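Hello,

Here is the structure I promised to pass on. Please open it alongside this message; my notes follow below.

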Amino acid sequence: MQRGVVIIGAGHGGSQIGFSLRQEGYDGPIHLVSDEPDLPYHKPPLSKAYLKDVSQDVQILRAEKAYVDARIELALGRKVEAIDRQAQAIRFAEGGKLRYDRLVIATGATNRKLTLTGHDLEGLHSIRTRADAAHLRAAMNTANDIAVIGGGFIGLEAAATFALLGKSVTVIELAPSILGRAVSPVVAAHVDAEYRKLGIRVLTATGIDRLEGEAGKVRAVLLADGTAVPADLVLVGIGATANDALARDAGLTCDNGIVVDATLASTDPTIFAIGDVANFPHAQAGRRVRLESVQNASDQAKHVAKTIMGKIEDYRETPWFWSDQGPMKLQMAGLSFEADRHVRTGAPDDPAFSVYHYAGDRLLAVDSVNRPGEHMVARRLIAAGISPSAADLAEGPERLKNLIGR
Ligand SMILES: Cc1cc2nc3c(=O)[nH]c(=O)nc-3n(C[C@H](O)[C@H](O)[C@H](O)COP(=O)(O)OP(=O)(O)OC[C@H]3O[C@@H](n4cnc5c(N)ncnc54)[C@H](O)[C@@H]3O)c2cc1C
């Protein structure tokens, strides 16, 4: 009897693959398993629109009827405890098994936790799920002084919202700059300056000694230099680690995520990994990467659906990512690890600009601020392997569109 495809994790990647399998003509059983009780929903708004507006509910990815129509069997609120590769089955935490012909692991990532003294005080938050965001949204009403630990995308998005709601906000980042190596230094400096204009205190190259509390509730963040930053709410945004424990326990090779080949198959050819949990060889970057973005999860889902249907190719999609930072829309295309040259477009004081990253003459990546049209062109340039010269960039987007044949 056909056991079908079992998908662990019903986030952006997991829910996409069910529908992509049907589009590719797969007719067997599909089981989509999630430990969250909710219908699969969009994660990005949790640190954006959902936080800003108490009347906002989570935005579901698709209505329940869509799963019924596509014959995708939803198993919500059910945690998978183990994978039995011998029996080709998954085991649920509350008991029971489900057998598979192909297994797709799309378990995402978990936010890193603080280990400093005071990490267990009341008033500490992080955002990963609807439940986290709901908890934070309720707590932020009564908070006055908010400390955001970590100057990454999610923490900074929330920091802008807190500031716009009139809270006193301090961002504390250990590295010399916010947004680390995720964007070019020019973009990071621009965001930093804009955030200071919003009244956010941005402390970079700043270590934390401990969190101080009163009656079990956080009261301040004590910095390494002894300064106390008052805080009745602390948002921790210090990155995430891949949810690869199930795979590791099942004997699959894992190293900062589940190690997959260029087709996204794990070291067991019946098991695939996609999205935040997958560590894959990136053709353009020439190295292994683990990416945390909606595009990566969705495109990898579409790719594995094709692989399962026998259309076997290497995964080669151009990565892209967006982040809404207060009044700024940041959009990144490509990966800039190997870049040795950077060209900025736009007038020096223009709040809308892009930074083009090159290795020699080869375009690797483009970071855009408030330039959605240019971002779309950049994605197409990178995908087509076209590297505009400095003169092309100076001529502007029309010239770039001509390079890719519009
Ligand atoms: C607050 C926030 C804001 C973001 N903003 C952006 C943005 O602006 N742009 C962007 O591109 N990306 C953004 N991201 C990242 C993006 O949401 C992720 O990269 C994407 O969701 C990854 O998809 P995934 O399918 O790999 O994992 P997820 O969507 O995280 O889904 C994984 C699911 O698996 C479930 N699961 C894990 N273990 C088990 C188990 N043992 N049994 C059953 N279920 C399990 C999890 O509970 C979860 O529901 C944001 C993420 C967060 C948290």
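Three elements each supply at least two residues of the shell around the ligand: α1 (12–23), α8 (294–308) and β22 (320–325). Bear in mind that this is a predicted model.

Which residues come nearest to the ligand? Of the 36 around it, they are Gly9, Gly11, Gly13, Gly108 and Gly275. By class, the shell has 15 nonpolar residues, 14 polar and seven charged.

Start with β25, residues 353–359. Is this strand mostly covered or mostly open? It is mostly covered: six of its seven residues are buried.

β25 pairs with two strands, β24 and β26. On one side, β24 (residues 341–345) runs antiparallel to β25, and five bridges join the two. His342 has His357 of β25 as its bridge partner.

β26 (residues 362–369) is also antiparallel to β25, with seven bridges between them. Here Phe353 is partnered by Val369 in β26.

β25 and β26 form a hairpin with two residues between the strands. Look at Gly360 in that hairpin: its phi is positive, near 60 degrees.

When you go through the model, I would start at the ligand and then move to the hairpin.

Best wishes

Methods
Residues are numbered from 1 along each chain as its sequence is written. This is a predicted model: local features need pLDDT of at least 70, side-chain atom pairs count only at pLDDT 80 or more; totals for chains, interfaces and linings use all residues. A residue is buried if 20 or more other C-beta atoms lie within 10 Å of its own, exposed if 12 or fewer, and partly exposed in between; C-beta atoms are placed from the backbone. Helices (H or I, at least four residues) and strands (E, at least two) are DSSP runs, numbered from the N terminus. Two strands pair if DSSP finds at least two bridges between them. A residue is near a molecule or strand if its C-beta atom, placed from the backbone, lies within 6 Å of it. Ala, Val, Leu, Ile, Met, Phe, Trp, Tyr, Cys and Pro count as nonpolar, Asp, Glu, Lys and Arg as charged, and the others, Gly among them, as polar.
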